[in-house]
Amino acid sequence: SVTELVGNSERNGIEQIETGGTKSLLGPSVLGLYGKWGLSGGILFPIYSSVSETQETESYRLNFVLSYWF
């Protein structure tokens, strides 16, 4: 799962209204481990969205993460 809390954007030092918001996405993933390395990937679907109507909505998001443990 992923939750994003995004503030309003700025352009030339001026805050753009209604550009921030909150999104929560949830979905299945797989994890592969090899020694100190890990690779995970999956698909996330939106379960909550609080963004302005001027912003594009997501129907899904592909997620890949490469990790190394020290």
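**View 1. Lys-23 and Glu-58 meet in a salt bridge.** The N to O distance is 3.0 Å in this predicted model. A salt bridge here is a side-chain nitrogen of Lys or Arg within 4 Å of a carboxyl oxygen of Asp or Glu. Lys-23 sits in strand 4 and Glu-58 in the loop between strand 6 and strand 7, so the pair ties together parts 35 residues apart in sequence. Strands are DSSP runs of E with at least two residues, and helices are H or I runs of at least four; both are numbered from the N terminus. Glu-58 is partly exposed, at 25% relative accessibility. The cut-offs are under 20% relative accessible area for buried and over 50% for exposed, with partly exposed in between (1.4 Å probe, protein chains only).

**View 2. Arg-61 forms salt bridges with Glu-4 and with Glu-58.** The Arg-61 to Glu-4 contact is 2.7 Å, N to O. Arg-61 belongs to strand 7 and Glu-4 to strand 1, so this pair ties together parts 57 residues apart in sequence. For Arg-61 and Glu-58, the closest N and O atoms are 2.8 Å apart. Arg-61 is partly exposed at 22%, and Glu-4 is partly exposed at 26%. The whole structure holds three salt bridges. Glu-4, Lys-23, Glu-58 and Arg-61 are linked in a network.

**View 3. Strand 4 pairs with strand 1 and with strand 6.** Strand 4 spans residues 21-26 and strand 1 residues 2-6; they run antiparallel over five bridges. Val-2 has Leu-25 as its bridge partner. Six bridges join strand 4 to strand 6 (residues 37-51), also in the antiparallel sense. There, Gly-21 is partnered by Val-51. Pairing requires at least two DSSP bridges between two strands.

**View 4. Tyr-68 and Phe-70 form an edge-to-face aromatic pair.** Their ring centres lie 5.4 Å apart, with 85 degrees between the planes. Rings of Phe, Tyr and Trp (its six-membered ring) pair if their centres lie within 6.5 Å; planes under 30 degrees apart are stacked, over 60 edge-to-face, the rest tilted. Tyr-68 is partly exposed, with a relative accessible area of 38%. Phe-70 is exposed at 90% and lies in the segment after strand 7.

**View 5. A nonpolar surface patch covers about 840 Å².** Tyr-34, Trp-37, Leu-39, Leu-66, Tyr-68 and Phe-70 make the patch. Strand 6 and strand 7 (61-68) each give two or more of these residues. Patch residues have over 30% relative accessible area and no salt bridge; like charges are joined within 9 Å, nonpolar side chains (Val, Leu, Ile, Met, Phe, Trp, Tyr) within 5 Å. Areas come from the Shrake-Rupley method with a 1.4 Å probe; for residues, only the protein chains shown count as cover.

**View 6. Asn-12 has a positive phi of about 55 degrees.** Most residues other than glycine have a negative phi. Asn-12 is found in the loop between strand 2 (10-11) and strand 3 (14-15). Asn-12 is exposed, at 77% relative accessibility.

**Notes to all views.** Residues are numbered from 1 along each chain as its sequence is written, and side-chain values use heavy atoms, without hydrogens and water. Local features need pLDDT of at least 70 and side-chain atom pairs 80 or more, while totals for chains, interfaces and linings use all residues.
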